[in-house]
Amino acid sequence: MRNTAIVVAIFVSLGMGRAVRADHRPSGAGVAIVVDGKANAAIHVAAEVMAPDNEVARKSPASRDQEIQRARLRESVKDMVYCLEKMSGAQLQVATAAPVDNDRRIPILIGDLAVNAFGPPSKKSPRKQGWRMVVSKKGIGLMGESAEAASYAIYELLEQIGCRWYMPGDMGEVIHQKTTVALAECDVSDAPATLGRVLAGVDDVFKRRIRQGGMPLAFGHALEISHYVSKEQLQAHPEWCGLINGKRSPQRFCWANADLAAAVADGIIAQLDKQYVPTVSLSPDDGADFCECEQCKALDANDLDPTTGTISITDRFVQFCNRIAERVTKKYPDVLLGFLAYMQYTRPPVREKPHPNLVPVIAPMTYCRAHSMLQPDCPSRSLMRPIMEGWHRKARVLGYYNYMFHLAEVTAPYPMMKQMSDELPFLYANGVHFWLPETMSNFDSVLPGLVLANRMSWHTAAKPNEVLDEFFAGFYGAAAAPMRRYGEIFDDAWTKVPEHAGCGFGYGRRFTPSVMKATRTALDEAIAACKTDMERRRVKMQDDALKQFELFMKLRRDLFEGRLDGLAADSARWLEQQQRLGNEYESRSAFSKMPWAPETVGARYFKAFFDAAYQDGARIARDCVVIAPPLRQWRHQADKDKKGESLGWQKPDFDDANWKTTDPCLDTWFALGLDAYYGTVFYRARLKLPAVSAGKKTHLWISSTDGSAKVFVNGRHIPYVNEKGEPSNEFAGFCQPASFEITSAIKPSDEIQITIIGARAVLNELGAGGLMGPIYFYQEKPR
């Protein structure tokens with residue numbers, strides 16, 4: 001058996017992932033396979049390739065992969081027939097035998113028939129991904145080291161004649177009509193520029209057409225939940241369990257324990273003995289709590305992770321994985337052991353060097369998703385550049401798990417053009433050979449970025465701007481110019497605004513009224529420019545998305561600016577439309593409709609982060625009287641020493657003149673430079689309330705907060721009282737509104753002083769914290 005690490009080293013030494021087109025040598029006047037709308041060629045492929053699905057073979061571990069590859073090649077042959085007919089009107093015959101001597105049509109030989117006629121591909125690749133395309137006057141050969149690789153050759157031919165697939169479904173297909181289809185003579189042997197390409201959230205047809213696939217790599221959360229060690233073993237060895245908050249927990253492992261590493265390795269070997277697989281994951285289960293024992297801490301390098309505010313634990317984890325890899329590969333030298341470099345172990349190791357069979361998959365979970373890692377002015381995303389360079393120095397082959405959606409709000413148009421244009425060439429130059437993005441059904445919002453990512457996972461040396469030029473011209477046709485401008489306006493709003501939050505709470509700053517007006521103008525121009533029904537359908541999808549986002553931003557600004565009465569109705573309309581669009585575009589992987597849930601992801605996030613404020617705001621407008629404009633201007637100060645209350649920061653006469661100002665409707669903690677801060681922030685403001693009806697209770701309403709809020713009015717602490725009448729020192733509820741009864745603490749018409757102490761409840765990947773919306777004052781309606 002060949003050692004996979006050696007294969008990978010050969011892969012890297014060959015320079016794959018750089019000049020992938022160097023071997024293409026077209027020559028001659030061309031070989032016409034369709035002439036004036038009539039077939040001038042026939043397809044020849046072995047009968048077993050075109051056979052129906054073999055469910056027995058597919059269910060057997062020994063033959064599953066071979067059967068899947070065979071079916072893939074069969075469907076690729078059908079695609080070639082379909083594309084040529086759609087392009088020219090000619091239907092090429094598929095013969096399940098070699099050509100006969102008196103057949104004057106040009107033979108297009110597939111798979112083994114092509115190998116027999118022309119020889120195998122000269123380019124070799126791990127997982128047998130090398131393919132060859134021969135075009136000559138005597139015939140055309142499309143072959144590969146495997147059935148999957150032969151499929152790659154078919155799509156190379158289709159790409160050469162101009163076929164493109166930009167998104168799933170018929171809307172994503174670009175096949176220009178021509179009556180004569182000719183190919184330049186050539187003999188090309190090549191291989192993908194990446195080892196593995198896995199686009200999630202799309203159908204198998206689209207994956208096949210854009211040549212996703214390659215070498216599998218397991219890297220999902222698995223370590224504690226894949227039964228590498230049994231419950232009985234953990235019970236017998238409690239020291240193997242991670243020490244969390246002073247107690248041993250079987251949900252986490254103690255990575256410093258060498259005996260545990262040996263037991264995990266033996267468990268993996270036992271699973272491989274039972275059923276061999278080429279790759280196994282060592283990624284820990286999800287979460288942010290890890291072993292706190294002194295032995296584990298002693299393995300950590302003195303390397304602060306600024307996104308979590310903790311010391312990086314990568315070195316202890318890599319040492320643990322190295323012990324496992326050393327033991328496993330003695331028996332199974334080919335197996336690849338993947339793991340996520342994630343959360344507190346995203347940063348590269350300082351001391352340890354990963355075993356050659358370990359493949360780190362870097363996942364920038366806690367980093368800004370709006371900007372490019374090549375933008376030095378982004379305090380968060382720019383950290384990823386040295387992280388990638390550091391991992392590349394330690395491990396020659398890496399995977400990258402990019403998040404192709406905005407973390408906690410996925411419905412805003414999010415083109416990702418600059419981020420992908422900057423980062424993809426950099427990533428492939430720094431050891432990324434597995435492109436493994438996390439996606440969802442969001443081709444409506446991220447289409448240009450997904451086009452770049454999908455295209456460059458195959459052609460890593462492609463020039464991003466040329467890919468975008470081809471996409472906009474081919475996909476939008478007559479509407480290309482205004483649609484590109486539309487995408488660039490949104491892209492600039494993401495990449496040129498110093499806002500880094502991974503949620504919708506920074507949208508007030510990012511998507512100003514002028515930005516929204518400019519995008520609407522560009523899209524209306526695109527609608528007017530369309531000339532074909534398909535152009536209209538494609539632009540309509542973006543118009544549907546923009547109308548939905550316009551309503552989203554209307555809700556935000558109505559909340560910010562005092563228009564509470566329509567919030568519940570508009571919220572219900574937004575949710576209904578989001579679900580309708582998800583259903584309408586489900587086959588096209590758009591509008592966040594995922595197969596694992598009946599409700600769209602966009603709707604779920606909307607309910608989790610925003611809807612509670614809208615519903616409660618509408619209640620106030622309906623049942624109460626708002627007695628002052630929304631309070632948005634505050635002075636703020638982080639209480640890093642936890643002495644704010646003892647220093648009297650909540651007292652009405654405290655001098656806060658030197659504190660900076662903020663508007664929580666526009667500024668997230670990330671925008672305030674508090675992205676790595678996990679303490680509390682004091683917010684102070686002064687205002688006058690008008691005279692109010694005597695005998696009616698007056699309330700202060702917080703529209704949204706990140707976790708907790710402690711309120712003082714004129715220096716008096718105001719307890720929070722829940723619906724059951726139970727008082728508490730402060731309110732706690734992530735993205736939830738809260739009312740505080742302040743009647744006894746105020747005198748109408750007098751100036752009052754408000755202090756609110758806000759905190760952060762969740763990791764800074766959201767970039768939120770403290771107050772996340774306006775404050776209102778309301779009173780019961782007179783009766």
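**Sheet and chain in a predicted model**

Modeller: Let's start in the sheet: Gly196 has Phe434 of strand 21 as its bridge partner. This is a predicted model, where local features need pLDDT of at least 70, side-chain atom pairs count only at pLDDT 80 or more, and totals for chains, interfaces and linings use all residues. Residues are numbered from 1 along each chain as its sequence is written, and side-chain values use heavy atoms, leaving out hydrogens and water.

Biologist: What makes strand 11 and strand 21 a pair?

Modeller: Two strands pair if DSSP finds at least two bridges between them. Strand 11 (residues 196–197) and strand 21 (residues 432–435) have two bridges, in the parallel sense, so they meet that rule. Strands here are DSSP runs of E with at least two residues, numbered from the N terminus.

Biologist: How do you know that the chain agrees with a compact globule?

Modeller: The radius of gyration is taken over C-alpha atoms, and the globule rule is 2.2 Å times the number of residues to the power 0.38. For 783 residues that rule gives a value near 28 Å; the chain has 30 Å, which agrees.

Biologist: What share of the residues counts as buried?

Modeller: Buried means under 20% relative accessible area (1.4 Å probe, protein chains only). By that cut-off, 60% of the 783 residues are buried.

Definitions and conventions. Buried < 20%, exposed > 50% of the residue type's maximum accessible area, 1.4 Å probe, protein only. Helix = DSSP H or I, 4+ residues; strand = E, 2+ residues; numbered from the N terminus.
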